[in-house]
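This report covers the layout of a protein chain, the surroundings of its ligand and a set of individual residues. The sequence and the structure come first.

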Amino acid sequence: MVKNEDLKGLKLESFVALDIETTGLNSFSDKIIEIAAVKFENGEIVDNFSMLINPEIKLSDEIVSLTGIEDKDLIDKPFIEDVLPLFFEFIDKQPLVGHNISFDLEFIKYNSSIHGMESDFKSKKIYDTLSLSQIIVPRGPVSYKLSNLKKYFNIESGDNHRALGDSIACGELLLKIVEKSLELNDATVKKLADVALVFESFVKIFILDLANYFAKTSFKRKIGTTINKYHDSFNYIAKDSEPDQNMESILSMEDIIDKIFDKGGLLDKNLSKFEYREEQHIFSKASHRALNEGKILVTEAGTGVGKSFAYLFPSAINSILSDEKVVVTTNTKNLQEQIFYKDIPIVHEQLGGLFSAVILKGRKNYLCLNRFESICKNPTQHLVSDDQAKRFLPLIVWANRTITGDIEENTGFKKGFSYDIWSKVESDSGFCLGKKCRHYNRCFAIGIRKKAFKSNLVIINHSLLFSDIVSENAVLGKYSKLVVDEAHNIENAATSYLGEEFSFSNLRNIINRVITQDNKHGYLKKLEKSILAGIEEKNKVDKFQNLIDQLKDKSRSLHDIGKSFWNEIGEKLYRNSSNYRSNSIKKRFKNSDEVFGGFESEVSKFKSVFEDFTGAIKRINVLLGTLEEGEIPDQDEIKQEFSTLFESSSDLYSTFSFFKDTERENFVFWYDIVSKNNGLNFKLSSAPLDVSPILKKNLYDNLESVILTSATLTIEKRFKYMQKKLGLSSVEKERVETIMLGSPFDHENQLKVITPTFLASPKMSTVYEKDVENVITALAENFDQGTLGLFTSYKMMKSVFYNVSDLFKKKDRVLLMQGKDSTRSDLIKNFKNVKNSFLFGTDSFWEGVDVPGNSLEALLIVKLPFSVPTEPVIEARIEDLEKRGLNSFMHFSVPEAILKFKQGVGRVIRSAEDRGIVYILDSRVINTRWGQAFVNSLPVLPKSPRNMSQLIKITEESFKNE
Ligand code: SF4
């Protein structure tokens, strides 16, 4: 409860909270249908205002379902021009509070202006609870919607999405924000004020009033002196105790795995939801063996086996007894988090807390305190706009409290939208001062790595695995046991991690670090300032100034020459492309002349300017090396900056030379050109042709035990294809054990597969597309099941989407599509929430969509998922097989498509209770010889209706039996 004196101190003893409901999001074309405001005095509601408004248009179903307001409720209500004067009279001169208030104010301003009314908000104090809660409560709910914050703070205020209820909630939320703000310490409030002061935003007044109040009352406030740190369980689970002899002998028992997984065993006794699964038991015993006997275990485990427990228990036991860590890697963040936050706490508890575990991410996920403090000290030097400052503010309170520094923990800061900010403060080896950093002892990136060095279980992702391999274990330290989950993705992860990239924007980033194009920011500015502040001797200053001027010149030349050289090449390739009308071109090249041919003199000029630029950085480095310790302010930092700058510049120069001059054995090269309004984006990329020797050398030859697992590791029940791909075929046979475990689910009764015979061949694209639309229409008209449609082409998906969307509107059913209006995770969330919706997706939706229950009961496989043969890496791999006399279709395209197909089919049955149907709309699965390989990969035999009515009948019967 906030005290009156605090509200007075913050000039919030009285304010008005407001909210509006509208027909949509566009303040010009949409209408206000409800407006409300609530007056607060000394933290209590004293008056309110609420009116419905006749918008003179029909409401959409979405707005009716969101607000509960219907057309009939508005028909006899006053118009906006009659309501606004009453509203202005009510709010009077009070400060205004709203959640994302700029939205409400835009609507009110526009409606006032078209009816000739004044809406002078400029003279008012405005408070935005959305931005304020992101700043003051940075570890709050996942999303800062008002309804979520109400739940988070237990605010009772009546209906969500009704103007009066939301106005009350908004006012109450501001009071909660005040309460939380008073718990901050002086240093944090000062940092907030330093940034807020120099930029304009709806949080400025609150923060400055808070800083003033803190300055006046710091002697009175005890509470702010204790920093309330967040708990580090966000990324670390500590060992509770050391194993005693008794525990060690129990864990060493030969049948320890039976004691845990068997019927009547540890898990059966202790976990209410535990169900004995033979497959899990087998997998766990095999994992235990592999870890103890130095083997490589390859396990295909179908959905529902509970594979993470099956390898986590043996891994933890092995690590406790051997005191060596086991590293577990996953492809997706979702699985990495599920293992660390859901599964490991259970394993930890069941094994008496005898081990520690850490979730370790790439360095750039952690805050660099040094870079962060530099911005706080001098915000205008680093933040270039009001908007950047507003997005930076949610880092400040969090930075003071976090123990992990993992940005994922900060829900108030949206890294996806604010990468420009995050890139200024993320931990980056290029900027790290190491032991010389004054924050070294609290450094998050270094701290978590130290924990990873000592932890029993370290949970990482595939990219980090390769980053550790490239850096010779600098990330993970020594380890000899590895579990690779989602192992079917390890080849792709290696291919993309071990490639190179060169573009003008890579170069511009380095040049901008030296000096920005407006000549206002960059290391040279900092160096100049520091030299003038620290060195008195004119000669020495002149020496520096001379080199600084030289580097400025070289930066400008490199920027100008690089830009025009790069644009010319990009334009030539774009013009010469047979596909030049398209917005984006991706093309493989085998010889650098295909890119640089005809530009020999430009290349040599570019290389020479690039060398001059790198040389000028080097000369500054050398001169910096002659300074006495502490001779200039921020000396260590500046030295580190110039030394990493030299490294980055030299590395980028080598990358350019790699594309220009190097032999191209075992590498694939290509260029991407994207045409945008402001010109062409042109980039060169490369990737290893075959990663299997790299996997063999670094994983199987180097490590003692490796467990590889996934739901899709076999083709027609054989591991041969995957073993080759993963570099296992050249490992000694006796070291490798393979186990294929089906799913414990009763697929015969839970799943139906339908392969219609009456659809056109996918090769007849127009007719085929129409046939697909007909199936979708028939399903939407006759059945109420949630349906996922998996496409292989975005173009076709879009076309089908727009052709069937009228029907979905008529039927009042939700139809969602990848890339339309929402992110992938929001689409999946909506799909889960609206039980009978349809969701269309391509590539990334073939795996990782986990929707148990009746939101996903039907799956449409629109075409078999063959890779695009013109994708450079695919093209090169196909060519390589052909060169070796092998049929690339049978040896590459079909098995790759089967692996993806199996992932797709696996979306339907996610739990023992699920029932579902898979419709394979690609007739090649039944009409071709190779199609049988797809059928053989299915868990049940398909039924093949010969016409639409048979398809409907089979579907009807299947859903009737549920
Ligand atoms: S040690 Fe390096 S990463 Fe850590 S805070 Fe300092 S500069 Fe940043």
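The C-alpha centres of domain 1 and domain 3 are 50 Å apart in this predicted model. Domain 1 covers residues 4-181 and domain 3 covers residues 501-688. Domain 2 is made of two segments, 236-356 and 695-741, while domain 4 takes in residues 747-960.

**The ligand**

Around the ligand stand Arg363, Cys368, Leu369, Asn370, Ser427, Cys432, Leu433, Gly434, Cys437, Cys443 and Ile446. By class, this shell holds 7 nonpolar residues, 3 polar residues and 1 charged residue.

Lys607 belongs to helix α29, which spans residues 600-625. Is Lys607 buried or exposed? Lys607 has a relative accessible area of 17%, and because buried means under 20%, Lys607 is buried. Beyond its neighbours within four places in sequence, the contacts of Lys607 are Tyr653, Phe656, Ser657 and Asp661.

Lys285 is part of helix α14, residues 278-293. With a relative accessible area of 36%, Lys285 is partly exposed. Once residues up to four places away in sequence are set aside, Lys285 touches Ile257 and Asp258. Tyr311 is 26 residues from Lys285 in sequence, and the C-alpha to C-alpha separation of Lys285 and Tyr311 is 8.8 Å.

Most residues other than glycine have a negative phi. Asn42 has a positive phi, near 45°, and Asp92 also has a positive phi, about 50°. Asn42 sits in the loop that joins β2 (32-41) to β3 (44-52). The relative accessible area of Asn42 is 37%, which makes Asn42 partly exposed. Asp92 is located in the loop between α4 (80-91) and β4 (96-98). Asp92 is likewise partly exposed, with a relative accessible area of 48%.

**Two further loop residues**

Gly727 lies in the loop that runs from α32 (720-725) to β17 (736-741). How is Gly727 classed by its relative accessible area? At 4%, Gly727 is buried, because the limit for that class is 20%. Leaving out neighbours within four places in sequence, Gly727 contacts Ser692, Lys696 and Tyr700. Of these, Lys696 is 31 residues from Gly727 along the chain, with 5.1 Å between the two C-alpha atoms.

Arg910 is placed in the loop between α38 (888-905) and β23 (916-920). Which residues does Arg910 contact, apart from its neighbours within four places in sequence? They are Thr303, Phe745, Val849, Asp850, Val851 and Pro852. Leu856 is 54 residues from Arg910 along the chain, and the C-alpha atoms of Arg910 and Leu856 are 9.5 Å apart.

**Accessible areas**

The table collects the relative accessible areas given above.

| Residue | Relative accessible area | Class |
|---|---|---|
| Gly727 | 4% | buried |
| Lys607 | 17% | buried |
| Lys285 | 36% | partly exposed |
| Asn42 | 37% | partly exposed |
| Asp92 | 48% | partly exposed |

Methods: Residues numbered from 1 in each chain as written. Predicted model: local features only at pLDDT ≥ 70, side-chain atom pairs only at ≥ 80, totals over all residues. Heavy atoms only, no water. Near = heavy atom within 4 Å. Nonpolar A, V, L, I, M, F, W, Y, C, P; charged D, E, K, R; others polar. Domains from an automatic or database assignment. Helix = DSSP H or I, 4+ residues; strand = E, 2+ residues; numbered from the N terminus. Buried < 20%, exposed > 50% of the residue type's maximum accessible area, 1.4 Å probe, protein only. Contact = heavy atoms within 4.5 Å.
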